[in-house]
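Subject: Structure handover

Hello,

Please find the structure below. My notes on it follow.

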Amino acid sequence: MTANKRTHFTVTVKGITLKIPKDVTDDIEVVELLGAIQDGDIFSFPKLARRMFGEEGYLKVKETLAGEDGRTRITDVFDFFTETFIACDALAAKN
C-alpha cells in the first residue's frame, strides 16, 4: 500500500485551476475566519479566500472573475469559494 503524499488538491472551478492545501480544513485560522464570517464579519472573507487559495491564486480568481467594468463581485468570489470547497470535499472523500 502506497501512502498518498500529495499535499494539495488540484481543482478546476469556473475554468480556474488552483492547488488547494489538503489540510485547509484543519487550519485553525481558516476555522476562525469561517466563524467570523458566520457571525456577520463579511470583511474577513478576503483573508479567508487568500488563506485557502494563496495570494497568487486569490489574485487569479479576482482577475478571472472580474466583469467588463473591471470589478470583481463578492458574490462571484463567494460562489467560487463554495464550489471550490465542495470540490475539495469530494476529492477528499475519494481518498
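What covers the buried residues of helix H2? Strand E2 (16-21), helix H1 (28-38) and helix H3 (74-94) are among the elements that do. Please keep in mind that this is a predicted model.

H2 itself covers residues 45-65. A straight helix of 21 residues would span 30 Å, but the end C-alpha atoms of H2 are only 16 Å apart. H2 has a kink of about 110°, centred on Gly54. Its buried residues are Phe45, Leu48, Ala49, Met52, Phe53, Gly57, Tyr58, Val61 and Leu65.

Two of these, Phe45 and Phe53, belong to one aromatic cluster with Phe78, Phe80, Phe81 and Phe85. The structure holds five aromatic pairs. One of them is Phe45 with Phe81, an edge-to-face pair with 5.5 Å between the centres and 80° between the planes. This pair links distant parts of the chain, since Phe45 lies in H2 and Phe81 in H3, 36 residues apart. Phe45 and Phe81 are both buried.

Back to E2, one of the elements covering H2. In a regular strand the side chains alternate between the two faces of the sheet. E2 runs antiparallel to strand E1 (residues 8-13), and six bridges join the two. Leu18 is the bridge partner of Val11. The hairpin of E1 and E2 has two residues between the strands, and Lys14 takes a positive phi near 55° there.

Regards

Note on methods
Residues are numbered from 1 along each chain as its sequence is written. This is a predicted model: local features need pLDDT of at least 70, side-chain atom pairs count only at pLDDT 80 or more; totals for chains, interfaces and linings use all residues. Side-chain values use heavy atoms; hydrogens and water are left out. Helices (H or I, at least four residues) and strands (E, at least two) are DSSP runs, numbered from the N terminus. The expected span of a helix is 1.5 Å times one less than its number of residues. The bend at a residue is the angle between axes fitted to the seven residues ending there and the seven starting there. Buried means under 20% relative accessible area, exposed over 50%, partly exposed in between (1.4 Å probe, protein chains only). Contact means heavy atoms within 4.5 Å. Rings of Phe, Tyr and Trp (its six-membered ring) pair if their centres lie within 6.5 Å; planes under 30 degrees apart count as stacked, over 60 as edge-to-face and the rest as tilted. Two strands pair if DSSP finds at least two bridges between them.
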